[in-house]
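Visitor: Would you walk me through this structure, please?
Guide: Gladly; here it is.

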Amino acid sequence: MNKEDKELLSEIIEDDPTKADSYNIRKNGKGIDRKVNPNIDIVPKEENSGIDVYVKEDTLFGTVNIPVIITESGLKDVVYNDFHIGKNANIIIVAGCGITNNGHKDARHDGIHRFYLEEGARVKYIERHCGLGVGDGKKVLNPVTEIYMKKGSYMVMDTTQIKGVDDTNRVTKAALDSDATLVITEKILTSNDQVAKTEFEVELNGENASTHVTSRSVATDDSYQEFISNITGNTKCYAHVECDAIIKGNGKVKAIPEIYAKNIDANLIHEAAIGKIAGEQLMKLMSLGLSEKEAEEVIINGFLK
Amino acid sequence: MLELKDICFERQGKKILDHINLVLEESKFYVITGPNGSGKSTLAKIIMGIEKPDTGKIIFNGEDITEKTIDERAKLGIGFAFQQPVQFKGITVYDLLKLATSKEISKHEACDILSKVGLCALEYVDREVNKSLSGGELKRIEIASVMARKPYLAIFDEPEAGIDLWSFQNLTEVFKEIQATSSKTTLVISHQERILNIADEIILMNSGTIQKIGQKEEVFDHIFKPKKCCKEVSTR
């Protein structure tokens, strides 16, 4: 890894990723560094097509970093990463992709992540995406996340895409057994003529399964965002979907909520709000001495915090 | 320290402020009172720069601030507590107090500010300034954000609005403390007798004009003295 690689990595993982209990760093379609430990094993799939991460049951606590960096213009990297989280294991997984594209051709990363949580497993999954570089080639990211949760398992998924990604199509699918809980928080900021589409499909199959999906997005300049959520309650369950968006300039946001209760005891809620920054918010911060521009920044940074 | 010269403000053919002339002196505690729709809040907003007068001048510490923006006035030392506290997603009470003081205060200092408005600080400092807080809590945080700035002129627009009786009782104590200890000027819009009681001077407004400025007894005499029209009605 050279200095630029390290800088790009720091955009998606604040601390040195090699300090984690285990890690796998992928650059331009190939694994370049890996560390495992007795509780967390990382096994590469054939032909650099991805990795399998195995976390032993009853693992008390551990972290896995699996960042991806792309610095080659014109590269299309497709990766399949599978996470097998043993019974009652407790783990933090930090993933993400940084693309530096200084060329004319598009650089693209499609990460397909599948999570298999055994009974009682607990996962915090953090995903950060960003694009850098001065070339006119696009930076394209299409993450797909599939989550299969067994009885009593718990997962927090925290995703952020805050700068420089020209085109993204995110798909998140989940199926929850009884007493499983899935909490998703997604933050997206688009500018210029960037496009971001995000789709959630959650099936609540087991009794007392619950999900809370929060999407906070800011669309500025001429950018476009689309939020689709599709939550199905097949039994006694609970879901709360919240889509909040700020639009600026010619930014456009479309929210398409769908909640489908197939059982009398399914309790599903959807809230969506799209609008510009409220005038009173600007006035309040200006009355504390901030200029209009500074006030806008504080409001947006807080909103996406 | 503040002078309003012939301020007029008209919207949709209605004179909301009609040739207002007012001088506020340093270190005094003023309360503006009067019926709903008499122009009290508009007058306060015009001082802060939230509304612009159609005509007239605003002089603050010898400087004409009529054309200055809200943030420019804030930097000159005017503070304003909104009647409806503004809510923010993702901004904590601590963030707001840091912005208010314009410096990196410690959580301990933030707690000290919150204690002054009767909030058990540690419970609140990391909470977001959003609908999860009650009306009374939001109101006190709003007041704290103005006090934290230590402005030369602090304006409070109906601090009692939208809060329960118990919270209000505590707030009265906060204003008593300000009146007794602050060397700065305070302007409170209020209908509450408890707030009127602590005023150095009361400004009575009606139909966009100032009817009377004086101490409580004088102003109350003015409010409650029998009106001609009532006499006429009763003798018919």
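**Strands, domains and contacts**

Visitor: In which sense do strand 1 and strand 4 of chain B pair, and over how many bridges?
Guide: Strands are DSSP runs of E with at least two residues, helices are runs of H or I with at least four, and both are numbered from the N terminus. Two strands pair if DSSP finds at least two bridges between them. C8(B) stands opposite T55(B) in strand 4 of chain B. Strand 1 (residues 2–11) and strand 4 (residues 55–60) of chain B pair in the antiparallel sense, over 5 bridges.

Visitor: Before we go on, what kind of model is this, and how are residues and chains labelled?
Guide: This is a predicted model, in which local features need pLDDT of at least 70, side-chain atom pairs count only at pLDDT 80 or more, and totals for chains, interfaces and linings use all residues. Residues are numbered from 1 along each chain as its sequence is written, while chains are lettered from A and ligands numbered from 1 in the order in which they are written.

Visitor: Which residue in the turn between strand 1 and strand 2 of chain B has a positive phi?
Guide: Strand 1 pairs with strand 2 (residues 14–24) of chain B in the antiparallel sense over 7 bridges, and the bridge partner of E10(B) is K15(B). The two strands form a hairpin with 2 residues between them. The positive phi, about 50°, belongs to Q12(B).

Visitor: Which strands of chain A stand at the edges of the open sheet?
Guide: This open sheet has 10 strands in the order 2-1-5-7-9-12-14-16-18-20, with mixed pairing. Inside it, strand 1 (residues 22–27) and strand 5 (residues 63–70) of chain A pair in the parallel sense over 4 bridges, with K27(A) opposite I69(A). Each edge strand has a single partner strand, so one side of each is left without a neighbour in the sheet; the edges are strand 2 (30–35) and strand 20 (266–275) of chain A.

Visitor: Which strand of chain A gives the largest share of the side of domain 1 that touches domain 2?
Guide: An automatic or database domain assignment divides chain A into domain 1 (1–161) and domain 2 (166–276). Their contact takes 25 residues from each of the two domains, where contact is C-beta atoms, placed from the backbone, within 7 Å. Strand 10 (139–141), strand 11 (144–149) and strand 12 (154–163) of chain A each supply at least two residues of the domain 1 side. The largest share, 8 residues, comes from strand 12 of chain A.

Visitor: And where chain B touches chain A, which element of chain B gives the largest share?
Guide: The contact takes 19 residues from chain B and 17 residues from chain A. Two or more residues each come from helix 2 (70–76) and helix 3 (93–101) of chain B. The largest share, 4 residues, comes from helix 2 of chain B.
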